[in-house]
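This report describes one protein chain from its atoms. Please look over the sequence and the model before reading on.

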Amino acid sequence: KMGIECVPIGPVVYYRGFTRAFLAGETETSEELLAKVGDAVDSLAKNKQVVIIDGVGFPAVGSICGTDNASVALASSYPVESSNGTTTRRKPLG
């Protein structure tokens, strides 16, 4: 084992009809979906020096739902903790 972990499918899955369900309020909100992304990356990144995140095909995929590639990249960034130990924001990777 090389110590390389893989998450074969992320926390946000665009199934047929997802956008329609999102617009009808039948899915989690954009904020909830992006929080799941951040949590998944944080969990995988523990004790790692490098994390590679692969997105979905086109940059605009998920834009109607607020889960486009740019939003997912920001949600995947490094959490910044305040002096009292709570996460206050996320610092962009790189």
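## Basis and confidence

This is a predicted model, in which local features need pLDDT of at least 70 and side-chain atom pairs count only at pLDDT 80 or more, while totals for chains, interfaces and linings use all residues. Residues are numbered from 1 along each chain as its sequence is written, and side-chain values use heavy atoms, with hydrogens and water left out.

The protein chain has an average pLDDT of 81, and 77% of the residues score at least 70; pLDDT is the predictor's confidence in each residue, from 0 to 100. Confidence is highest in α1, at 93, and lowest in strand β2 (residues 87–91), at a mean of 63.

## Fold

Three helices and two strands make up the secondary structure of the protein chain. Along the sequence they follow the pattern α-α-α-β-β. Helices (H or I, at least four residues) and strands (E, at least two) are DSSP runs, numbered from the N terminus.

The protein chain has 94 residues, of which 20% count as buried. Buried means under 20% relative accessible area, exposed means over 50%, and partly exposed lies in between (1.4 Å probe, protein chains only).

## Nonpolar core

The largest nonpolar core has eight residues: V12, F18, F22, L33, L34, V37, C65 and A75. A nonpolar core is a set of buried Ala, Val, Leu, Ile, Met, Phe, Trp, Tyr and Cys residues joined through side-chain atoms within 4.5 Å. Two or more residues of this core come from each of α1 (18–23) and α2, and α2 gives the largest share, three residues. In soluble globular proteins, nonpolar side chains tend to be buried together.

## Aromatic residues

There are two aromatic pairs in the structure. Y14 and F18 form an edge-to-face pair, 5.5 Å centre to centre with 90° between the planes. Y15 also pairs with F18: the ring centres are 5.2 Å apart and the planes stand at 85°, so this pair is edge-to-face. Rings of Phe, Tyr and Trp (its six-membered ring) pair if their centres lie within 6.5 Å; planes under 30 degrees apart count as stacked, over 60 as edge-to-face and the rest as tilted.

Y14, Y15 and F18 form one aromatic cluster. F18 is buried because its relative accessibility is 6%. Y14 is partly exposed at 26% relative accessible area, and Y15 is partly exposed at 44% relative accessibility. F18 also belongs to the largest nonpolar core.

## Largest pocket

The largest pocket holds about 860 Å³ of space. Of the 31 residues lining this pocket, V7, G10, I52, I53 and D54 are the closest to its centre. The elements giving two or more residues to the lining are α2 (30–45) and α3 (69–75); the largest share, four residues, comes from α2. By class, the lining has 22 nonpolar, six polar and three charged residues.

On a 1 Å grid over the protein atoms alone, a pocket is an open set of points where a 1.4 Å probe fits, with protein on both sides within 12 Å along at least five of seven lines; lining residues have an atom within 4 Å of a point. Grid points are joined across faces, edges and corners, and a volume is the space filled by probe spheres set on the points. Ala, Val, Leu, Ile, Met, Phe, Trp, Tyr, Cys and Pro count as nonpolar, Asp, Glu, Lys and Arg as charged, and the others, Gly among them, as polar.

## Loop residues

T27 lies in the loop between α1 and α2 and is partly exposed, at 21% relative accessible area. Its C-alpha atom is 9.9 Å from that of C65, 38 residues apart along the chain. T29 is in the loop between α1 and α2 and is partly exposed, at 36% relative accessibility.

S63 is in the loop between α2 and α3 and is partly exposed, with a relative accessible area of 42%. The C-alpha atoms of S63 and S30, 33 residues apart along the chain, are 10.0 Å apart. N47 is placed in the loop between α2 and α3 and counts as exposed, at 84% relative accessibility. N47 is not a glycine, yet has a positive phi of about 60°. Most residues other than glycine have a negative phi.
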